[in-house]
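Dear colleague,

I am passing on the structure below, and after it you will find some notes on what came out of it. Please read them with the structure open beside you.

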Amino acid sequence: KEKTSTLNTTKSDAIFKAAQDILPGGVNSPVRAFKSVGGGPIVFESVKDAYAFDVDGNKYVDYVGSWGPAICGHANERVNAKLKAQIDKGTSFGAPCELENVLGQMVIDRVPSVEMVRFCNSGTEACLSVLRVMRAHTGRDKIIKFEGCYHGHADPFLVQAGSGVATLGLPDSPGVPKAATNTTLCAPYNDLDAVKKIFEENKGEIAGVILEPVVGNSGFIVPDKSFLEGLREVTTANGALLCFDEVMTGFRISKGCAQEYWGVTPDLTTMGKVIGGGMPVGAYGGKREIMEVVAPAGPMYQAGTLSGNPLAMVAGIETLEILGEDGAYEYMDKMTTKLINGILEAGKAAGHEVCGGNIRGMFGLFFCAGPVKNFADATNSDTDKFARWHRGMLEEGVYLAPSQYEAGFTGLKHTEEDIDFTIEAAKKVFARI
Ligand code: PMP
């Protein structure tokens, strides 16, 4: 897209231009390239608390937070102190260390479904491993996922995964063989009848159902409680497993994750982002009798050279410690509710069709009248307007996720002043887009 921005991005532009010759598309993860909003990405120099600083000297209130991990604020002093102390003891053991027990026990104590946990290195790894658990435990191959839910980039999940092309049963990406996705069955989110129908048509063949218990990868979409309760019932009735992918919602929606918030306990849970406090971590866990299928307790193979590494464990432990303190989630709820209500009011006052909401520190905004209950609804949003909104907010010093199909995140370091500043910025931007 043509650049008309008032923002000085001279150095960002030069670095991104150079990156195009070095990294495919100039990035190491596609969304960072700002392809769906245009204008070129902002290259970061440093981050602190609720702020990001770019290489051109611009400062932004950051509502991406490294896509979730920065929930206690960027470069949190307490997390950093633990990391610094750990570095001198070594960065990777590839052998058991007690820190794994400590973080593991914290997860078990907080997350209703988790009696045993296995740490890995990313959300993608957690999801592909939990899929193997579902299949190994049930002896069945088929799974049900939902349109617009993202579970990392393992082959079987690249079917209608977030903003990908909506082609029924066909892989979203070249390089994914049909054989890898023909056991992946897709249903619209919040549509229990569609799920029941799939179960009827595939009796005794479905290993499990996986979903985001609050969607972040089609933009922010809230489940109907009855949908989650219905999934719990229909999976149990059919001898299938229910997995909540809490890579995004885990320890963000509530101390005990979205499953505690909704009062629906799945059989299995995947985690990531927050649990590593900014270091690369993923995890999956569930009932003991299910998790004991994992090697070396059981026959299902899954491994990792860097899994449970001490840096990731200390960052995760300290992050969960901070989030365990009184008032943490209430604070995030208060700030984020004020933020999204302020933005929605400003948008409507300026004559735009907008809808959105939040749960605790996760929020979203669509440029349509709503309600948005599933991915198809989300595609009604005016993505051109979203692109103008996104650039406008950057110009005003606010860093939002560079896609209509992503959620926003706040954290414990976003102050009331930051929220007021952001709402004022929104008023200016809504007036000119
Ligand atoms: N599941 C969900 C719900 C996610 O939001 C993501 C990442 N955004 C993943 C899985 C994959 O995690 P990662 O990027 O760490 O591989």
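The ligand is surrounded by 16 residues, the closest being S122, G123, T124, G152 and V247, where a residue is near a molecule if its C-beta atom, placed from the backbone, lies within 6 Å of it. This is a predicted model, in which local features need pLDDT of at least 70 and side-chain atom pairs count only at pLDDT 80 or more, while totals for chains, interfaces and linings use all residues. Residues are numbered from 1 along each chain as its sequence is written.

Helix 4 (residues 123-138) gives the most to the shell around the ligand, namely three residues; helices (H or I, at least four residues) and strands (E, at least two) are DSSP runs, numbered from the N terminus. By class, the shell around the ligand holds five nonpolar, nine polar and two charged residues, with Ala, Val, Leu, Ile, Met, Phe, Trp, Tyr, Cys and Pro counted as nonpolar, Asp, Glu, Lys and Arg as charged, and the others, Gly among them, as polar.

Turning to the strands, three of them form an open sheet in the order 11-12-14 with antiparallel pairing, two strands being paired if DSSP finds at least two bridges between them. Strand 11 (355-359) and strand 14 (408-409) are the edge strands, and each pairs on one side only. Strand 12 (residues 362-366) is joined to strand 14 by two bridges, the two running antiparallel, and M362 stands opposite F409 in strand 14.

With regards
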